[in-house]
Amino acid sequence: MAEQTSGDPLFRSHDPIFNRKELLHVGHVPDEDRIVGRDDEIQSVAAEVGAITRGDPPNNVMIYGKTGTGKSLISRHVATRAQDAARSNEIDCAVLYVDCSEANTETRATRQLALNLKEQTGYQQNIPLRGVGTMEYYQHIWEILEDCFDAVIVILDEIDKLDNSNILMQLSRAREAQKTDTYIGVIGISNKVQYRETLDERIDSSFGHRELFFHPYDASQLREIMRNREDAFQPGVLEGGTIELCAALAAKKHGDARKAIEILKEAGELARRTGSETVSEAHIKQAQEVAEINRIEELTSGATVHAKLALYALASRIITGGRETYKTREIYERYVGICELVANDPITENGLYRQLKEQAFLGVIESEKTGGGRSQGSYLLHRLVTDPKHIVKAVRRDSSLEELPTYDQLHETSPSATNRELDLDSFS
Ligand SMILES: Nc1ncnc2c1ncn2[C@@H]1O[C@H](COP(=O)(O)OP(=O)(O)O)[C@@H](O)[C@H]1O
Ligand SMILES: [Mg+2]
């Protein structure tokens with residue numbers, strides 16, 4: 001698929017930058033020998049679900065780790081290999097994958113499982129798309145499993161986005177409750193280690209499971225991951241040092257392979273847009289900024305306007321006040337002023353505190369408890385995980401908030417300005 005030509009000269013163009021761009025798509029699954037630095041993790045996941053290949057019951061497993069650490073990739077990879085190995089032992093094993101960030105309710109998730117199973121088999125019954133509840137979907141699932149499979153591996157990706165954990169209970173109790181004889185192994189994946197605690201509260205012991213933790217990639221692993229996809233570009237287009245720089249930047253930020261690959265792709269697009277023949281270090285740096293703002297926007301996209309204003313308040317304090325961390329109270333004061341600016345009724349300080357906690361959960365900020373001396377009691381200090389400039393940009397992309405001061409406008413205010421001195425009216 002190197003060069004595409006069509007009859008109309010308008011579309012008959014040779015891409016000067018990209019050769020096989022699909023290698024840089026997020027969903028792209030690299031060949032086995034292009035998976036870098038995850039041998040131990042592959043072994044560990046295989047050890048939990050591998051019993052299936054010998055006709056024995058598997059363990060359930062929960063995988064935790066930040067985004068872009070290869071959790072989805074490794075889970076799918078091991079599940080597919082287990083399926084192949086099972087097949088060669090004449091064991092019929094299904095692999096089901098649910099992205100719970102999209103199928104984020106029990107009804108949606110069970111519907112997807114049922115439809116997915118139907119697709120993989122010759123199941124004749126109609127599975128309604130709407131108007132029925134989870135019980136009916138479970139019925140179809142048990143029936144297809146019972147009829148067609150000895151075992152199944154169910155990958156529940158981004159499971160923390162699911163509104164409840166009943167599906168885990170149903171899957172782990174199915175045999176006991178004599179719904180089906182099929183062995184069921186669940187691989188649950190969460191980007192948030194904090195989900196571990198809520199999981200313990202939500203489920204009982206029937207979902208016995210092992211836990212695995214995936215760590216961020218270091219610069220040399222990221223370098224190798226990108227080197228393996230170098231042929232996404234035309235020969236000679238990537239200038240020397242660009243992959244190294246990209247890996248170093250991504251390793252410093254979050255060790256996220258997805259971001260590293262995205263930055264590389266964005267840098268290529270920048271080069272193409274600006275008519276450059278090569279991808280330079282400057283393109284990588286610029287692409288990294290864009291990627292970071294996108295990341296923040298993605299993280300905050302589901303957030304309420306008040307969460308965004310809270311983040312903006314913290315960012316603007318950091319920009320104008322020069323400190324790295326601020327107390328909830330200090331952020332609240334600024335937040336109230338900002339609410340006035342965008343004609344929004346402020347929520348209470350306690351409400352704001354909850355919004356900040358939610359953002360800490362998402363990984364946009366870090367909050368740390370500090371003992372404030374004997375008389376003061378302890379209080380929380382909040383810091384931004386990213387450059388405040390990116391927060392300001394990402395928040396202002398919300399069309400209802402685009403009137404907020406820009407980074408440059410904030411930056412021009414005196415660094416020592418207190419909240420009262422900062423004349424927010426001057427920006428409007
Ligand atoms: N070890 C690896 N080797 C090669 N590519 C990888 C590796 N880990 C991740 N990737 C790539 O990085 C991107 C993100 O990986 P993914 O598995 O989706 O991360 P996670 O699920 O932890 O967020 C994918 O495009 C994937 O192909
Ligand atoms: Mg994933």
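On the domain 2 side, Ile293, Ile296 and Leu299 supply 56% of the area buried against domain 3, more than any other three residues. Keep in mind that this is a predicted model: local features need pLDDT of at least 70, side-chain atom pairs count only at pLDDT 80 or more, and totals for chains, interfaces and linings use all residues. Residues are numbered from 1 along each chain as its sequence is written, and side-chain values use heavy atoms, with hydrogens and water left out.

Nine residues of domain 2 are in contact (heavy atoms within 4.5 Å) with eight residues of domain 3. The rule finds one salt bridge across this interface, a salt bridge being a side-chain nitrogen of Lys or Arg within 4 Å of a carboxyl oxygen of Asp or Glu. Helix H10 (residues 281–300) gives the largest share of the side of domain 2 that touches domain 3, namely eight residues. Glutamate 297 and arginine 397 join their side chains in a salt bridge, at 2.5 Å from N to O.

## The domains

So how is the protein divided up? The domain assignment gives domain 1 (38–214), domain 2 (218–299) and domain 3 (302–427); such bounds come from an automatic or database domain assignment.

## The five-stranded sheet

Now for an open sheet of five strands, in the order E2-E3-E4-E1-E5 and with parallel pairing. Two strands pair if DSSP finds at least two bridges between them, and helices (H or I, at least four residues) and strands (E, at least two) are DSSP runs, numbered from the N terminus. At the edges are strand E2 (93–99) and strand E5 (209–214), each pairing on one side only. From one strand to the next, the twist averages 15°.

Strand E1 (residues 60–65) pairs with strand E4 (residues 183–190) in the parallel sense, over four bridges. Axes are lines fitted to C-alpha atoms, for helices over the stretch in contact, and angles run from 0 to 180 degrees between N-to-C directions. Helix H3 (residues 106–120) packs on the sheet too, touching E2 and E3, with its direction at about 145° to that of E2.

## The three-stranded sheet

There's also an open sheet of three strands, ordered E6-E8-E7, with antiparallel pairing. E6 and E7 are its edge strands, each pairing on one side only. Neighbouring strands here are turned by 35° against each other on average, direction ignored.

Three bridges join strand E6 (residues 325–327) to strand E8 (residues 378–384), and tyrosine 326 stands opposite histidine 382 in E8. Strand E7 (residues 365–371) pairs with E8 over seven bridges; here glutamate 366 faces arginine 383, and glycine 371 stands opposite serine 378. Helix H11 (residues 305–321) lies across E6, E7 and E8 at about 80° to E8.

Key. Chains lettered and ligands numbered in written order. Buried area = accessible area lost by both parts, 1.4 Å probe.
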